[in-house]
Amino acid sequence: MAKKTIEIDPAVIEKKSEMDSIIEKVKELDNEIAVITELYRYEQETLKYRYENKKKKLNDNRELLLCNLKTLFNEVPHKETKTQIKVELLNGDVVVKKATAKLDYDKTKLLEWAKANGMNELISTKEVEDFKWSEYKARLVITEGGIIDTETGELVEVEGLTIKEVAEEIQVKY
């Protein structure tokens, strides 16, 4: 029996070797991107921690100043209206809003209550229209002549539906 000889084109081998080298470089770059991404996340957390600490100190100082301001506010003459008390100064006005009662509600519970008590005038109903794109898309085929609806066999020419060319993309899998 004669052995088969396999011819190997040296140019193909050289090109595949070059491609392997490029893949190694892509891997190295992906690794570097991963490292700097992790570094960024770490620095971001550290920076956020320092920011939160600094902000808390500033807010604490602000609250102390506002407390002092309120104490002094009570010791000077002020203008009073139905909803607020005010002292006018050169650097700004100090306004104290008077305490009020406010309604707090749970729409879900109020809706149940209105239904149970036949208060239909307090109930609004919303109808939502939505196009079933995934169902329609399954019926469509792109051809050189345009978009064809496979159920009807017709060429589809509808405003809002066009063919968009997607560029070729190279991926390296390793």
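The model is predicted: local features need pLDDT of at least 70, side-chain atom pairs count only at pLDDT 80 or more, and totals for chains, interfaces and linings use all residues. Residues are numbered from 1 along each chain as its sequence is written, and side-chain values use heavy atoms, with hydrogens and water left out.

Start with the sheets. Helices (H or I, at least four residues) and strands (E, at least two) are DSSP runs, numbered from the N terminus. Two strands pair if DSSP finds at least two bridges between them. S1 and strand S2 (residues 84-88) run antiparallel, joined by two bridges. Glu80 has Ile85 in S2 as its bridge partner.

Two bridges pair strand S5 (residues 146-149) with S6 in the antiparallel sense. Ile147 stands opposite Val156 in S6.

Now the charges. A salt bridge is a side-chain nitrogen of Lys or Arg within 4 Å of a carboxyl oxygen of Asp or Glu. The structure holds nine of these salt bridges. To describe the partners, buried means under 20% relative accessible area, exposed over 50%, and partly exposed in between (1.4 Å probe, protein chains only).

Glu80 returns here. Its side chain meets that of Lys98 in a salt bridge (2.8 Å, N to O). This pair links distant parts of the chain: Glu80 is in strand S1, Lys98 is in the loop between S3 and H2, and they are 18 residues apart. Glu80 is exposed at 53% relative accessibility. Lys98 is partly exposed at 28%.

Asp149 and Arg139 form another salt bridge, with their closest N and O atoms 2.6 Å apart. Asp149 lies in strand S5 and Arg139 in the loop between H3 and S4, so the pair ties together parts ten residues apart in sequence. Asp149 is buried, with a relative accessible area of 5%. Arg139 is partly exposed at 25%.

Within helix H1, Lys27 and Glu24 sit three residues apart, about one turn of the helix. They form a salt bridge, their closest N and O atoms 3.5 Å apart. Salt bridges also link Lys79, Lys86, Glu88 and Asp93 in a network.

Last comes the surface. Tyr105, Leu110, Trp113 and Leu122 form a nonpolar patch there, with about 460 Å² of accessible area together. Patches are made of residues with over 30% relative accessible area and no salt bridge; like charges are joined within 9 Å, nonpolar side chains (Val, Leu, Ile, Met, Phe, Trp, Tyr) within 5 Å. Leu122 lies in the loop between helix H2 (107-116) and helix H3 (133-138). Leu122 counts as exposed, at 55% relative accessibility.

Definitions and conventions:
Accessible areas come from the Shrake-Rupley method with a 1.4 Å probe; for residues, only the protein chains shown count as cover.
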